[in-house]
Every structure is written in C-alpha cells, then in structure tokens.
Amino acid sequence: MQFSTFNKNLANWQGTSLIFGVFEEDIESQLENIKFVIEPELLIKKVKQNKFEGKKTKTLSFEFLDQKIETLTLIGLGKSKGIKINDIKNSLSEIIRKFVDKDEKISILLPWELINSKEEIIHLAASTRLSSYKDNRFNRKRDEKKILKEIEFLNLTKFNDISFKETESICEGVELARRLVAAPPNILTPKEMSIQASKIAKDHGLGIKILDKKECEELGMGAYLAVAKGSDLEPKFIHLTLKSQGPTKEKIALVGKGLTFDSGGYNLKVGASQIEMMKYDMGGSAAVLGAAKALGAIKPEGLEIHFIVAACENMINGSAVHPGDVVTASNGKTIEINNTDAEGRLTLADALTYASNLKPDSIIDLATLTGAIVVALGNDVAGFWSNNHDLAKDLKDASAEVGEELWQMPLKKSYKEGLKSHIADMKNTGPRAGGSITAALFLEEFFDDKIKWAHIDIAGTCWTDKNKGINPSGATGFGVKTIVQWIKNK
Ligand code: BES
Ligand code: MN
Ligand code: ZN
C-alpha cells in the first residue's frame, strides 16, 4: 500500500473511485470542483433527489459503470466553520472501509484549504490507511478479494513537497503488530515470533540475538522459564538492536510481553475470562516488533534502541509450574508463584533484568498485563506508570499527538505490602483491589531504579470488537505509534 498525489490538471486525472468531501454550505458551487468526473447539473439533481445536505457522517455513493469513473462517494463534513481535522479524519475513516475488497486504488479530494499543516495531512493519510486495513490471511476469500494498494490525494498543491515515506513506515509497523496479534496461537508460536523478528533484522539491518532455553537457563531466568515449562513449545528470548546513526546520545530499551497463548496455567482461565482470546497476550511484544520495523526504516539519529521479548506460552502439562512454586529470577530475587495466571510479570521480570543490564537511559515496557486495567479504563484508554516525571510527560504528549489515549496511574508504594510472601522475597500477585497497580509495583523490582521507566498496560486497548474510528474490529496495533512518536520527538 502506498500514498500518492495527483497535482496536475484534474481534467487529465484517471481513476476508478473518487471520494469527495462536501460542506453543508453552498453545496452546488462545491460540486463544480468535480466537474472533471461528472456534469455538475446532473450531480446537483441527484444530490437533491437524495436529500444529501453535507451533514456530518452522511454519505452518498453513485456507481457510474460506463462513465469516466466507477464510483463517486460524497462525504458530508458538516459546517465549515470551526471544523476540526479529527472530524474529517473520522468521516473518512468510516467511509473508506466500505471500499476494502472492491478497489485497488481510491482517490480522495477534500477541501484542503481547511488543513493547516503538513503534519495534519500526514496524520490524515495514516488514519485513512489504517482504517482500511483488512486481514484475509485465514479465510478462503483471500484469493478473490482485491487488496487496496494505493490511496491517492488529488489537488494537494498547497503542500507540494509533502513526503509520505515516514508515515508509510509507521503504518507498516502498526500493520505488522496487528497481523502478529491476530494470528492464531497455533501459527504465531514463540518460534514464529523469533522468525518474524529475524525478518525485521534482515530487512532493516538490525542486530539480532535469539536465546534458546539453555541460554536463558545459563542467565538464570527462572521466572520466565517457569512460565514456559508447561508448554511443548520452546521459549524464545528475542533481542533486536538498532545501532545509532552517528554518535550515541541516548540508549533506550523497549520490552514487550510475549505470551503467544495464556491459558492461565493451573490457575486455568475459566468462566468469563475469555481463554479463547488469549492469542492476543503478545500484544506488547507485537507493539515492540512493530516499532522495530518502523524505526528500522526511519533510523533515528543518535539513539541506540533495544527491542526485547521473552516469548513463550502459558500452558499445562506434567512439568508445568505449580501454584505455590518458588522460583528465582535472573536478578537473584525469589518469587512465590501464588497464581500461575499472573505469568506476564514473571516473563517481564527476566526481560526487564536483561534490559537493565544493557544500562539504558530509559526502559518502556508494554504488556497485556491485567484484567484490572480493563475494568478501570475500558477499551479506549491504556494505563501507564512511570518512575520519572519527564518521561511520563513526554510519553503522554507523544500519545496525544498520534491519537492513542494514555492515562497515568499511581505507583502507590504502600500497595507493595500486598506482594509480601511468607516464604520468598515476594509473591507474584496481591489482592484483587488495585490489581494493575500491584502488577506495576512487581515489575519495579527488576531493574536498576536509576533507569527511567514506564510501563504501559494495553490489556484493554490491543483488541477491539467495535469497528470504530481508525480501528477495524480486531487487533489495533496499539502502542506502535506512541512509541515511534516518543522517539521521533527526542
Ligand atoms: N493476560 C492476562 C491479562 C488480560 C486479561 C489481558 C484480560 C487481556 C484481557 C494476564 O496474564 C492475567 O491473566 N492477569 C490476571 C492477573 C491476576 C491473576 C492477578 C488477571 O488480570 O486476572
Ligand atoms: Mn495470565
Ligand atoms: Zn497473560
């Protein structure tokens, strides 16, 4: 998929599907602007017949099979006064999904005079592309359906030298994350995840290390390996390195929870716990690998970036971890596993220790860590915790710029009490109340506290059933855009 522009005389334009944005005011004169595809008189008549008034979210489509184009779709933008770029983005996002499977190329003509900056156009392009995303990998329609290959903007003369290259890379990162998350657990295994990571490394020149079970044992990763023990599939510890262009000013580690399936272990997920959805328990690592793909293409200056995933499955067999086992993480701390379903933090314990040993300036981890965060913030907002005010602010700003919502949660120290164990240094779970906060407090035990750190719990946001805004139902790829923007802002 690519973006293109057509800035020449529109009389010479050729295409099949045109989307045209219309305000409520003086529709007739606006329709003059598309006389290059259809006679305004004819169109005005049809618009009146159909009572299309350009109201927000209203659309009107025409098929012109034997004329210059095949489909013309008018989208209502509402009143022009006080119009917000987000309104245009949302109208376009909703309509664009209707074209998926039908066309290889769609062209868009909007009243560009309303858009003030290149950044706004670029964000609009990205959200248009991401809302038209479609995943046909696992059904038989995959060979019949057309794939949208090009989104063309007409008459963008106002921003003549606009480049979509960077936003294309970011969209590819988001789409990779979506594909990884949506892939079923029999396909996206820890091994397959390591293959996907190797592919990113090869395509973009990143360094790669994949540690197998034995190498993880040698590093003493007892918490991570305890989770992996109950599965027939070997764990894969993935470490990608993007070296800096020019001298390194800053070192960053991104860590993602990578449970390719979470059955809960012997604390099996029963009842309404949605065990059948737990393929998406690698949403954090998908965001990290998506960011690796995007940043591998963008190659930001002066930054050395590490991408770390302790991939495995949480399953049950005769050698699976027992509820009550005590294990030792690679930093020497002992953990009583009082609940095998709190496995993500165990894998992150060793992944964060590994990241900490690389001595980065900051660590950000992303994880589908707790059901508690879904209860607290729902499906549109991710919770985050940080030990550093500046990092928290920068992350929040970056997320606002790209339209991914973050809400800061407290690292309430007194709740650590809940993780006290009678037998080990700590338990892996505390009381039900404040469950996502104790999870964050648990993670804080596994890196050097001089390192700036943020933890983003994406359990609610990495998947949607709603088909709303820029997210078709399914995997959202949440986190990729925020991480990349945070890094670009450095
Ligand atoms: N992967 C789950 C968290 C989760 C729940 C993600 C719902 C997405 C939707 C995690 O491993 C888990 O099971 N957490 C437990 C922790 C509890 C045992 C303390 C939870 O949230 O119930
Ligand atoms: Mn779990
Ligand atoms: Zn989990």
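Student: Which domains is the chain divided into?
Tutor: This is a predicted model. The chain is divided into domain 1, residues 2-156, and domain 2, residues 167-488.

Student: How far apart are the C-alpha centres of domain 1 and domain 2?
Tutor: Those two centres lie 38 Å apart.

Student: And how many residues of each domain are in contact with the other?
Tutor: On the domain 1 side there are 16 residues, and they are in contact with 21 residues of domain 2.

Student: What area is buried between domain 1 and domain 2?
Tutor: About 1600 Å². Carbon and sulfur atoms give 60% of that area. In domain 1, Arg129, Leu130 and Tyr133 lose the most area to domain 2, and together they make up 41% of what that side buries.

Student: Why give an area at all?
Tutor: The accessible area lost when parts come together is often used to state the size of an interface.

Student: OK. How many salt bridges are there between domain 1 and domain 2?
Tutor: The count is 1. Glu175 pairs with Arg129, and their closest N and O atoms are 2.7 Å apart. Arg129 is in helix H4 and Glu175 is in helix H5 (residues 165-182), so the pair links distant parts of the chain, 46 residues apart.

Student: Why would those side chains pair?
Tutor: Side chains of opposite charge can pair when their charged atoms come close.

Student: How many salt bridges does the structure hold?
Tutor: 30.

Student: Back to the interface. How many residue pairs are in polar contact across it?
Tutor: The rule finds 7 residue pairs there, with both residues at pLDDT 80 or more. On the side of domain 1 that touches domain 2, the elements giving two or more residues are strand E1 (2-6), helix H3 (85-96) and helix H4 (118-131). H4 gives the most, with 7 residues.

Student: What is that side of domain 1 like by class?
Tutor: It has 6 nonpolar, 5 polar and 5 charged residues.

Student: New topic: ligand 1. Which residues come nearest?
Tutor: There are 16 residues around ligand 1, and Lys269, Asp281, Asp341, Glu343 and Gly371 come nearest.

Student: What does Gly371 use, a backbone or a side-chain atom?
Tutor: A polar backbone atom of Gly371 lies 2.6 Å from an oxygen atom of ligand 1.

Student: And where do Lys257 and Asp262 come in?
Tutor: With their side chains. A polar side-chain atom of Lys257 is 3.1 Å from an oxygen atom of ligand 1. For Asp262, an N or O atom of the side chain is 3.0 Å from an oxygen atom of ligand 1.

Technical notes. Residues are numbered from 1 along each chain as its sequence is written. Chains are lettered from A and ligands numbered from 1 in the order in which they are written. This is a predicted model: local features need pLDDT of at least 70, side-chain atom pairs count only at pLDDT 80 or more; totals for chains, interfaces and linings use all residues. Side-chain values use heavy atoms; hydrogens and water are left out. Domain bounds come from an automatic or database domain assignment. Contact means heavy atoms within 4.5 Å. Buried area is the accessible area (1.4 Å probe) that two parts lose on being put together, summed over both. A salt bridge is a side-chain nitrogen of Lys or Arg within 4 Å of a carboxyl oxygen of Asp or Glu. A polar contact is a pair of N or O atoms within 3.5 Å; within protein, one must be able to donate a hydrogen and the other to accept it, and residues adjacent in sequence count only if both atoms are side-chain atoms. Helices (H or I, at least four residues) and strands (E, at least two) are DSSP runs, numbered from the N terminus. Ala, Val, Leu, Ile, Met, Phe, Trp, Tyr, Cys and Pro count as nonpolar, Asp, Glu, Lys and Arg as charged, and the others, Gly among them, as polar. A residue is near a molecule or strand if one of its heavy atoms lies within 4 Å of it.
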